[in-house]
Amino acid sequence: MCGIVGYIGFQNAAEVILEGLRRLEYRGYDSAGIAIAGRDSIQVVRSVGKLQNLSAKLQECPLMGNMGIGHTRWATHGEPSERNAHPHLDCTRQIVVIHNGIVENYRALKQELINQGHVFQSETDSEVIVHLLEEMWRGQSEQDLISVTAQALTRLEGAHAILIMSSLFPNFLLAARLGNAGGIAIGRGEHEMYCASDIPAILPHTREMVFLETGEIARIDSSGYQCFSLTGGPVTKETFRIPWDPVSAARGHYTHFMQKEIYEQPEFLTDTLRNRLNFENSEIVLEQFPFSDQALNALEKITIVACGTSYYAGLVGKYLIEELARIPVEVDYASEFRYRQPLIGPESMIVAISQSGETVDTLAAIDEARQKQALLSAIVNVPGSQISRICTGLIFMHAGPEIGVASTKAFSCTLVDLFLLGFYLGQKRGTLAQERRTALLEQLIRLPKLVSDVLELDSAIKELAAQYYEASDFLYLGRGINYPIALEGAHKLKEISYIHAEGCPAGEMKHGINALIDRHLPVVTIATHDRLYHKMLSNIQQVHARDAIIIALVSQGESEISKFARHVLELPDLGHLLNPILNVVPLQLLAYYIALKRGCDIDQPRNLAKSVTVE
Ligand code: AGP
């Protein structure tokens, strides 16, 4: 996950920035760079690998100046190399940019800019931003700078956090945020200002911070900042005082870790995709999955083992892998697996899913599979965890540390990993034609931005929570690949609000669950567009006929379901295989706001632990 630091004031900017970047090392990176605004020019130093390499270069050739920006990069487009490292300069070397996120439409923008005569130095998507600014700033006065920059930035598709510096305007930096590709915190000092993607980078210097929201741009000089909406007009920001204790500092301006982790999803989904999509050949690259093509082609079955939320992710995985790779997939509770004399052998692959990588039942299931000589693979979040040490094939979630006991971002990152696994097996086994692979990659790259769009339902969901937080039961209904999403929605609500909730395949209602339905029961239905949409519509009509309170998740533009549902939440449509990742987000927020209204201990719910290391 890339890190961003900026400084303007009276100190040596390169030193302040390097120190800030060191505090972001935990995020992971493969290269780094710093740009400092000199008297009339911009100087840039970049290096591959660890910050000590950058530091050594800076010692050889010190950068002097009181304003600068720095970046640690984790490659998405283009290999980790010095020329792909940020900051990126325009053709005139007067503008410089650092960026977190993915410019989804960079190919089209790059071609347009090349046609206009721009020369690119890197293979990155980020470089289009600086050439776009060069193009659009031409002939503009400082007065129009914010509005012209806003126009330029709104041409970028995807989610972005950006710092801009220019020798044309040597007294201020610009910081902008579009969507949730990571935040930007702006910190105030005495005659100096700081900004960073993460609070720890600048916390030793300042505790007074404001946070850019999506769609905002700030002009930062040494005495303060002004914030504007990208669509026009100044914005007044609330200043937060960040406490010293490291736990509260890590939570930032969020009330709970769970809320923070829900909001971090676009950023970590980007990390999960990073370095794994090859657009040239329309292929997926799995860096730690060393099984031969022969072994993968010989597979007769995949068995997913997991517990709790990871198990529900596994159920989604069954739909993904069976459709993409046409291999039968069974999903087992890890706690049950070893007790049922499972039929598994060298022709099978086990896929263990575990956020913590330490869940004792999942470890025991892997051991059972190991004894029966199955191929051992795992989807894990915590590097170095036991599960990551014993499995041969690893697909990391890259969800970052998850502190809230109720899993959110690890779930969505796991779904991406399962999609990648299904795609990878499909590409190896020849079940995915090139055309379909290209189309799927184009969809996948849009995912982080669309999750960010879904998060805008926050206040609507908060209102729903205020209406129904006193309900004693909830029912969640879904079909096909969204049935496990219904299970996960119910699971989240149970865990943190202590309300009884059930998830059910909507087609099963008439076989028993219908008896529970009455006018007091909130029923959350997942009815986004897919081939089961019409079946779901008729299930919703059946619930409506029994007077229940229907809260429906639908695809944007849907009009039929609103005739029956009391509340409708409209979601973007990313195709039936990726929609579940969008659909789970409102369910996480609903559980969160209901638990908040009920005054529950959200991050540490009663009787639950983050890592379950006992049977
Ligand atoms: C998720 O919200 C729960 N805390 C729980 O169900 C969890 O998913 C389960 O215990 C498995 O944990 P793992 O992914 O770390 O193996």
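## A buried histidine

H491 counts as buried because its relative accessibility is 15% (buried means under 20% relative accessible area, exposed over 50%, partly exposed in between, with a 1.4 Å probe and protein chains only). H491 is found in helix α18. Helices (H or I, at least four residues) and strands (E, at least two) are DSSP runs, numbered from the N terminus. Leaving aside neighbours within four places in sequence, H491 is in contact with G308, T309 and Y312 (contact means heavy atoms within 4.5 Å).

## About the model

This is a predicted model, in which local features need pLDDT of at least 70, side-chain atom pairs count only at pLDDT 80 or more, and totals for chains, interfaces and linings use all residues. Residues are numbered from 1 along each chain as its sequence is written, and side-chain values use heavy atoms, with hydrogens and water left out.

## Domains and cores

The chain is divided into domain 1 (3-242), domain 2 (254-445) and domain 3 (454-601). These bounds come from an automatic or database domain assignment. The C-alpha centres of domain 2 and domain 3 lie 26 Å apart. Their contact takes 30 residues from domain 2 and 27 residues from domain 3.

The largest nonpolar core has 102 residues. Such a core is a set of buried Ala, Val, Leu, Ile, Met, Phe, Trp, Tyr and Cys residues joined through side-chain atoms within 4.5 Å. I302, F474 and Y476 have the most contacts inside it. The core lies between domain 2 and domain 3, because both give residues to it. Beyond its neighbours within four places in sequence, F474 touches residues including Y468, L493, H500, P522 and I594. A second, separate core has 31 residues, among them V130, I162, A176 and F228.

## An enclosed helix

Helix α16 (residues 447-454) is largely enclosed by the rest of the structure, because six of its eight residues are buried. Those buried are L447, P448, L450, V451, S452 and V454. They pack against α8 (265-273), α14 (409-429), α15 (434-445), β27 (567-571) and α20 (579-597).

## Two hairpins

Strands β12 (residues 216-221) and β13 (residues 224-229) run antiparallel, joined by six bridges. Two strands pair if DSSP finds at least two bridges between them. The two form a hairpin with two residues between them. D221 stands opposite G224 in β13.

β13 also runs antiparallel to β14 (residues 234-235), through two bridges. F228 has P234 in β14 as its bridge partner. This hairpin has four residues between its strands, and G232 in the turn has a positive phi of about 120°.

## Pocket and cavities

The second largest pocket has a volume of about 600 Å³. It is lined by 26 residues, of which G308, T309, E495, A609 and V612 lie nearest its centre. Helix α10 (308-325), strand β20 (348-354), helix α12 (360-371) and helix α18 (483-497) each give two or more residues to the lining. The largest share, four residues, comes from α10.

Seven cavities of 30 Å³ or more are found in the whole structure. The largest cavity holds about 60 Å³ of space. Its lining includes C2, W74, H86, H99, D125 and R274. On a 1 Å grid over the protein atoms alone, a cavity is a set of points where a 1.4 Å probe fits but cannot get out, and a pocket is an open set with protein on both sides within 12 Å along at least five of seven lines; lining residues have an atom within 4 Å of a point. Points are joined across faces, edges and corners, and a volume is the space filled by probe spheres set on them.
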